[in-house]
Amino acid sequence: MKGIRPIMENETLYVCLGNWMDETAQLNEESKQRVELLIELVRQESGHVLFTGWPYRPDCSTSIAKAMSDYFHMCFPKRSGVFFDEVARDTVGDAICVRLWCERRRPYRLVHIVTSNYHVPRTQEIFKFVFSTDVAIKVSGAGKKSPADAPQEYNSLLAFRETFKDVSAGDMPLILERLLSVHPYYNGKVYPAMRYDALSNALVPIEDKGTVK
């Protein structure tokens, strides 16, 4: 398991989390608000941009990460340094995949996550848990909804804490083991199972017969 490399000054990675899209990969208003806030932020301070999220719709082959990236480029054409990672299935998956992505590519001084306003507290706790103190974490929220407007946020946060209750922050081998063995979005209970591939330092799907694609 690779560790995070030494942090370099003035390196920022903006991470934009997806929300929802329709069967034609058109984003809902909430997802658009996140991208629009991201654009405001990157106009103020330079940095790389990463969109995360898998192709979760059975009626659409496009990932939410790709759909968000496409909208970003439509609003902010010719902006370079934009990437997308199509693996994560939820917020803890986002955090884990972002850390693995950073380890595969380059260190960052700051990981600045963009999501919806109501989602900020949970996002901040999860990303800080996954990254620990190795990288500074900042979360910005779009829209006007507060956590009180989204009561499922509290239940989701409790579920996250229960899943990782005896795991130390930043302990990636154990975080990955717990995600892949316990979390129903990754252990095969709800969606196809995944595993950690040490060679590529990434999460990869497992076929029904137990062989890696």
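On a 1 Å grid over the protein atoms alone, a pocket is an open set of points with protein on both sides within 12 Å along at least five of seven lines, whereas a cavity is a set of points where a 1.4 Å probe fits but cannot get out; lining residues have an atom within 4 Å of a point. Grid points are joined across faces, edges and corners, and a volume is the space filled by probe spheres set on the points. In this predicted model, the largest pocket holds about 750 Å³ of space.

The model is a prediction in which local features need pLDDT of at least 70 and side-chain atom pairs count only at pLDDT 80 or more, while totals for chains, interfaces and linings use all residues. Residues are numbered from 1 along each chain as its sequence is written, and side-chain values use heavy atoms, with hydrogens and water left out. The average pLDDT (the predictor's confidence in each residue, from 0 to 100) is 91, and 92% of the residues score at least 70.

To return to the pocket, its lining comprises 30 residues, and Arg89, Asp90, Thr91, Arg122 and Tyr185 lie nearest the centre. Helices and strands are taken as DSSP runs numbered from the N terminus (helices H or I, at least four residues; strands E, at least two). On that basis, α3 (91-105), α4 (120-131) and α5 (152-163) each supply at least two lining residues, and α5 provides the largest share, six residues. The lining divides into 14 nonpolar, ten polar and six charged residues, where Ala, Val, Leu, Ile, Met, Phe, Trp, Tyr, Cys and Pro count as nonpolar, Asp, Glu, Lys and Arg as charged, and the others, Gly among them, as polar.

Now for the interior. A nonpolar core is a set of buried Ala, Val, Leu, Ile, Met, Phe, Trp, Tyr and Cys residues joined through side-chain atoms within 4.5 Å; buried means under 20% relative accessible area, exposed over 50%, and partly exposed in between (1.4 Å probe, protein chains only). The largest core has 38 residues, of which Ile96, Val98, Phe131 and Leu203 touch the most other members. Helix α3 gives the most to this core, with eight residues. A second, separate core of 24 residues includes Cys16, Ala67, Val114 and Ala142.

Valine 87 sits in the loop between β3 (82-85) and α3. Beyond four places in sequence, valine 87 touches Gly53, Trp54, Cys97, Met194 and Leu203. In α1 (residues 29-44), valine 35 is buried at a relative accessible area of 0%. With neighbours within four places in sequence set aside, valine 35 contacts Cys16, Phe51, Met68, Tyr71 and Phe72.

Most residues other than glycine have a negative phi. Lysine 78, in the loop between α2 (64-75) and β3, has a positive phi near 70° and is exposed, with a relative accessible area of 86%. Asparagine 201, in the loop between β6 and β7, has a positive phi near 55° but is buried, at 0% relative accessibility.

Notes. Contact = heavy atoms within 4.5 Å.
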